[in-house]
Amino acid sequence: LFNELPSVTDQALKTFTPLAENVYTLKNLGDSGQEEFMSCDCKPYYPDSTGINHACGEDSDCINRLTSIECLMDSPDHPNNCGKACSNQRMQRCQYAPVDVIQTAQKGFGLRALQDIQANTFVYEYIGEIINQDRFVKRTQAYQQQGVKHFYFMMLQKNEFIDATQKGCLARFCNHSCNPNSYVDKWIVGSKLRMGIFAKRTVLKGEEITFDYNVDRYGADAQKCYCGEPNCIGYLGGKTQTDSVNKLPQMIIDALGLTESDEKLFIKKKISVIKEYQSLQATQQSISGSQQQQLSQETLDKIYDDLLPIKEIHEDTVSRTMGSLIQCKDAWLVRKLVKRIFITDDTSIHLKVIRMHGYEIFSKLLRNWSQPESLNKDVIVMILRILKKWPKMTRNKISSSKIEDIIKSFTEDGDVELHTIKDVYTLAQGLIEDWSNLQMAYRIPRRERTLAQSLLLEDPNNNSIEDSENRNTAGPKLPSGWKRMTSEDNRVYYCHIETNQNQWDFPTAFSGKKANNKNPRYDEKNGYKNKNSSDNFSNNNEDISIKTASQQQTDLQKIIEEANLQVQLKAQLATLALEKSQKEEQERRKKIKLDILRQKERERTLSSVSNLSSTEQAYTKLFARYVPNFIKKYESQLSHDLVKRHAKDIVKVLAAKEMKLHNVKSSSKKVPKSFDEKKLLKIKHFSREYMEKVMKHYGNKQAK
Ligand SMILES: [Zn+2]
Ligand SMILES: [Zn+2]
Ligand SMILES: [Zn+2]
């Protein structure tokens, strides 16, 4: 720990031009490719009286936070579900951890934590000038010629770099370590990608903040590493450092959900592939006489593409996968990521993908990868097949993601003529047809609820709250065999465990007319099905029976009504749960307040007791100075020890008497340092009298 080192922040600030935010040397640099504002499903959350909106916090299931997107500041253009100033705007609000700059022994300036920083806390944004590859190369050469000692480049995304050498912020002083306490991570803030430093573990007050340069930072030549960690690889820097240490970038590990053994296997294979490649190159050189060349990015990409495995996604890797998909610009990695979703069968995982901005992200991918210069047919076909598999319930997300327009364009004559590819044309046509039957689900404002609906909702039998902590499971008790699920637009639907039947309706007849829901009908061809088949959704489109347009219309109307009722029921229950939790919170606070008051009372009593005893002690000491002398003469008749014991008793009695007087007169009266003559005589008299009584007592005893 470096608590004792002086702060040299002022001195350090003079070595560069401080920036409050990134400077873009070209307008389009640092683009996240995200034009539409993505809003999360969170609600404003004020659990305490601090006035801080805790929505979208570290432990929330905020889809923005989970996919490394900051919620934008609330504005009329994009009103936030999560309210004003939620907890997921850390870069926008410059919520930096308390740090300063120190002079390290061998590494120049370093960044120091001024307080303990918890794991995953945002530490600082890596701010600088955003430059492209050309400028990066030119600047590297220029800095070398100028004799600039320290380079502060960091890769932002493919062919784009943050240069904090001339202009930047304190984050530039964050040094490398082979065993770092922090890491860098990219976040989407509006239309731009931004880089932040985050705590990897708890960073103690006085600790130097470090991250691993070999992952993302680009220096000039390899330099000696002074981190002093046992696993130190000895050097850092160099343009191909990721390659030279054979480590996989963290971004790829996260995106593909790779384990340590996956990485080891990859490195092993990669080394042999590179050897093969180099021997091939050597043969070519001996023929053409050209010079030995470094591996190009294209070759590296191909190696990654060929050697890295594609795994199914799981419940807890959905958000990482979707977050990577938003940020990823490499064709091979996008293909791998989409394939991960494609090979995943679990419907509940797909519902989570949909919830994690699924339609928005796919809409963006279809747009980007259908451009003539970046055509990626595999990605397009896979996405269309996934969309085909997704349950089709409402139009909401399809409409807000604008995915329909781009898919329609695949069926028309375009630049790339995707419609001439048979798969693409058929799939696109099918989706447009499927979606054309869907309708928007509206949320009816609470005040528009009818009396009947209100009565229904307030039926105490329907309002038992099972678990007020989990919004998704809150609701009336379900009949056995049924479980609650959450749909793409975060609404509750019900699934029968055995028959896999899905429906919007609550599976009991809460108004009497839906009694048949309890008994899913078995159908020879289609298996278990609800009588009202349009209440179901199914992964298999062929299952949906053909109906007349008007019948379908009525059914849809019914679905929407039922769905809206469910939404209201859920809202009502959520309100009840909130009221309940607020009441509980109030009770809890009251109790805490009472406890504090009681504790204070106890402390006050205790302290007054100790005051008393300290005064009493002082008197005891004072009396003890005189009493033994006054009764010393009795030692000739009694033993020394016995007289001593009686002296103690006399002192105790005198002190107690004095305390009584003391308390009656004034509690603030001080204990005198000594007694005057008159007082001493009184004490002598009392002591002698006491001892005479004692002697009389002994005399009586002896006489007997
Ligand atoms: Zn949120
Ligand atoms: Zn938010
Ligand atoms: Zn090291």
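C82 and C86 are both buried, where buried means under 20% relative accessible area, exposed means over 50% and partly exposed is in between (1.4 Å probe, protein chains only). This is a predicted model, in which local features need pLDDT of at least 70 and side-chain atom pairs count only at pLDDT 80 or more, while totals for chains, interfaces and linings use all residues. Residues are numbered from 1 along each chain as its sequence is written, chains are lettered from A and ligands numbered from 1 in the order in which they are written, and side-chain values use heavy atoms, with hydrogens and water left out.

**Exercise 1. Work out which protein donors hold the zinc ion (ligand 2), and describe the site.**

Step 1: Pick out the donors, that is, N, O and S atoms within 2.8 Å of the metal (3.2 Å for Na, K and Ca); water is not among the atoms, so sites may look incomplete. You get the SG atoms of C56, C71, C82 and C86, lying 2.3 to 2.4 Å from the zinc ion (ligand 2).

Step 2: Check the angles. Those among the 4 donor atoms run from 106 to 113°, and the site is tetrahedral; for four donors, that label needs all angles to lie between 85 and 135 degrees.

Step 3: Read the spacing along the chain: C-x14-C-x10-C-x3-C.

**Exercise 2. Do likewise for the zinc ion (ligand 1), then find which residue coordinates both zinc ions.**

Step 1: Here the donors are SG atoms again, from C40, C42, C56 and C62, at 2.3 to 2.4 Å.

Step 2: Angles of 106 to 114° among the 4 donor atoms make the site of the zinc ion (ligand 1) tetrahedral. Its donors are spaced C-x1-C-x13-C-x5-C.

Step 3: C56 is the residue that coordinates both, and the two zinc ions sit 3.7 Å apart. C42 and C56 both lie in the loop between strand 2 and helix 2 (63-66), so the pair ties together parts that are 14 residues apart in sequence. Helices (H or I, at least four residues) and strands (E, at least two) are DSSP runs, numbered from the N terminus.

**Exercise 3. Trace how strand 6 (residues 129-132) pairs with strand 2 and strand 8.**

Step 1: Strands pair if DSSP finds at least two bridges between them. Strand 2 (residues 23-24) runs parallel to strand 6, with 2 bridges, and V23 has E129 as its bridge partner.

Step 2: Strand 8 (residues 160-163) is antiparallel to strand 6 and joined to it by 4 bridges.

**Exercise 4. Find the residues with the most contacts inside the largest nonpolar core.**

Step 1: Such a core is a set of buried Ala, Val, Leu, Ile, Met, Phe, Trp, Tyr and Cys residues joined through side-chain atoms within 4.5 Å. The largest has 110 residues, and I209, L325, F362, L387, I403 and I407 have the most contacts inside it.

Step 2: Helix 13 (residues 377-389) gives the largest share, 8 residues.

Step 3: Zoom in on F362. Leaving aside residues up to four places away in sequence, F362 touches L325, I341, I383, I386, L387, W390 and I403.

Step 4: Look at L325's own helix. Helix 9 (residues 318-327) has 9 of its 10 residues buried, L325 among them.

Notes. Four donors count as tetrahedral if all angles lie between 85 and 135 degrees; four count as square planar and six as octahedral if opposite donors are over 155 degrees apart and all others between 65 and 115; anything else is irregular. Contact means heavy atoms within 4.5 Å.
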